[in-house]
Amino acid sequence: MRARGTLSDIPGIALPGARFDRNGPAIAAAPPPAVPVAAAPALPRLGLMPTLMLAAIFIVPVLMGEVGLSSPAKLVYPALFALAALVAAIRSPGTYLSLIVWSLVVTPGIRHVIDFHAGYSDSNPIMLAPYLGIVVASPFTVMFVLRGTRFGGVMLTLILAVCFGLGTALVTGAFMDPLMAAMRWLSPICFAGYVCAHAEHEQAMRTAIVRTMAVALPAAALYAIIQFVSIMPWDAYFMTASKMGSIGWPEPFLVRVFGTMNSPGSLAALLGTGTLFLLPRTRGLGWLTVLLAFGALFLTTQRAAMGAFVVALVYLIVTNRDPAMRANIIKLVIALALTITVTLSIPGAGKKLLGSFSSVSQLDKDDSAQQRLEQYNTFPRWLDELPLGRGLAWSTNGHYLEAGDHIAIDSGIIDILVSLGVPAGLFYLGALGILAFNGMSIVGRSQDSSARAEFAGALFGLSQLPFGGQQTAEHGILLYLMIGLFLVRAISSPSLPATVERAPNKPLDRLAAGRR
């Protein structure tokens with residue numbers, strides 16, 4: 001019987017060139033059949049035509065740019081995507097989650113191609129697509145919170161804290177920038193809320209993310225590796241036009257790879273989260289995905305991401321008792337060592353990469369480290385001056401720029417406290433901590449190694465908060481996706497761990513087997 005909450009084996013899903021188990025190691029079926037906890041309603045499956053239509057949403061704007069219709073494409077793409085996301089959110093939660101994740105990967109790449117034809121602009125409507133896709137589905141999160149379901153109150157606290165920061169910004173007279181920032185702050189929370197609101201479709205949603213990551217990860221990684229060796233013209237144009245000096249130069253072996261995304265940090269968030277999420281399900285040639293993903297992660301030279309990946313890996317080593325998962329962790333460590341060795345042996349690459357990472361031992365001479373130190377030295381004064389915060393998007397707010405009080409923020413913790421204020425910021429951090437501690441409890445009661453992999457994916461983002469904003473935009477969407485996936489386990493099975501062996505019950509077993 002295929003139902004959520006049973007103890008039956010869950011077969012893996014077939015993918016070209018790789019094999020991934022949907023829910024980690026299979027659980028041996030006990031001689032009496034298991035009793036289902038709750039049967040999920042059947043989900044409609046997308047046919048060939050709807051799938052082609054979804055693919056067309058990503059392809060059409062690129063074709064429009066090629067034929068000189070770049071300006072209309074900037075509006076057509078986000079509008080079409082929002083419509084498709086709304087339909088998917090209503091009809092197929094798994095498809096909806098997959099669509100949003102794909103949009104994080106593809107949308108910036110579409111923007112690069114369009115800008116290559118039409119000229120670069122700092123604010124491009126194309127980049128609204130993933131956020132609009134979440135906004136149109138936000139009523140599901142609102143209903144989830146209002147129903148008083150488990151974790152609904154914690155998510156409401158997060159939402160109210162962000163709304164307080166929005167109100168503080170609007171009082172200064174700023175309008176558009178705070179609204180855009182609010183969308184980037186609230187979208188990740190609403191995304192997790194959508195997952196929790198569809199607990200009856202837990203397996204379908206998780207399967208959709210497995211399939212998406214299994215394809216998106218090697219595709220994004222391979223593109224990034226090619227970018228490091230031979231950059232595409234639209235990517236080179238983006239690097240020069242955006243004046244982002246921190247991502248290197250558009251020359252072979254001099255790029256801090258960003259793939260189809262807007263920054264090395266965004267790409268690192270995708271690669272690190274996806275690799276950890278797929279780890280329990282990786283088999284056979286699926287390890288090629290891991291090699292590609294970590295190779296690309298290494299080429300981003302995101303030291304915080306690399307350190308966070310090690311933290312998450314240590315967590316998995318310490319907490320996992322599943323032999324199959326431990327074997328996968330050992331294979332992962334070997335794969336990482338092999339990837340680093342091969343990457344450093346590439347002519348032209350080794351010198352640059354070693355130079356980037358060796359600066360960790362000379363932090364007093366590292367500009368990035370000194371800028372972060374300056375932020376931590378300065379932000380107590382800001383909190384003392386305005387304990388109720390400066391509001392969302394304060395760093396672009398003319399009210400503060402005219403006073404000459406501006407510094408680039410590169411810390412999620414500082415950003416939360418300065419933007420939301422001390423009271424609302426502490427509420428936000430406290431609520432995030434409550435979700436994390438609940439996650440530890442959920443995965444601690446579960447024998448499913450994939451639950452620990454989901455928590456490790458969240459830990460990967462949380463442990464980077466002191467060094468970068470992980471709570472907003474694409475970083476936040478990936479972080480809160482992992483949070484939603486382990487929280488929904490407790491919502492769908494409130495009294496049982498994800499995989500347990502129930503005590504024998506002979507009369508019930510005979511009834512389930514159709515015997516008197």
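Me: Axes are lines fitted to C-alpha atoms, for helices over the stretch in contact, and angles run from 0 to 180 degrees between N-to-C directions. At what angle do α3 and α8 pack?

Reply: Helix α3 (residues 93-118) and helix α8 (residues 202-229) pack at about 20 degrees. Their axes are 8 Å apart. This is a predicted model, where local features need pLDDT of at least 70, side-chain atom pairs count only at pLDDT 80 or more, and totals for chains, interfaces and linings use all residues. Residues are numbered from 1 along each chain as its sequence is written, and side-chain values use heavy atoms, without hydrogens and water.

Me: Roughly parallel or roughly antiparallel?

Reply: α3 and α8 are roughly parallel (angles under 35 degrees).

Me: Which residues of α3 meet α8?

Reply: P93, G94, L97, S98, V101, W102 and V105 in α3. Their partners in α8 include A204, M205, A208 and I209. The residues of this contact divide into 13 nonpolar, 3 polar and no charged.

Me: New topic. Where is T273?

Reply: T273 is in helix α10, residues 264-278 (a helix is a DSSP run of H or I, at least four residues).

Me: Is T273 buried or exposed?

Reply: T273 has 3% relative accessibility, so T273 counts as buried (under 20% relative accessible area, 1.4 Å probe, protein chains only).

Me: What does T273 touch?

Reply: Leaving aside neighbours within four places in sequence, T273 is in contact with G457, F460, L478 and M482 (heavy atoms within 4.5 Å).

Me: And the whole protein? How many helices and strands?

Reply: The protein has 21 helices and 3 strands. Of its 516 residues, 53% count as buried. Among contacts between residues at least 6 apart in sequence, 77% join residues at least 24 apart.

Terms used: Helices (H or I, at least four residues) and strands (E, at least two) are DSSP runs, numbered from the N terminus. Buried means under 20% relative accessible area, exposed over 50%, partly exposed in between (1.4 Å probe, protein chains only). Angles under 35 degrees count as roughly parallel, over 145 as roughly antiparallel, 65 to 115 as roughly perpendicular and the rest as oblique. Ala, Val, Leu, Ile, Met, Phe, Trp, Tyr, Cys and Pro count as nonpolar, Asp, Glu, Lys and Arg as charged, and the others, Gly among them, as polar.
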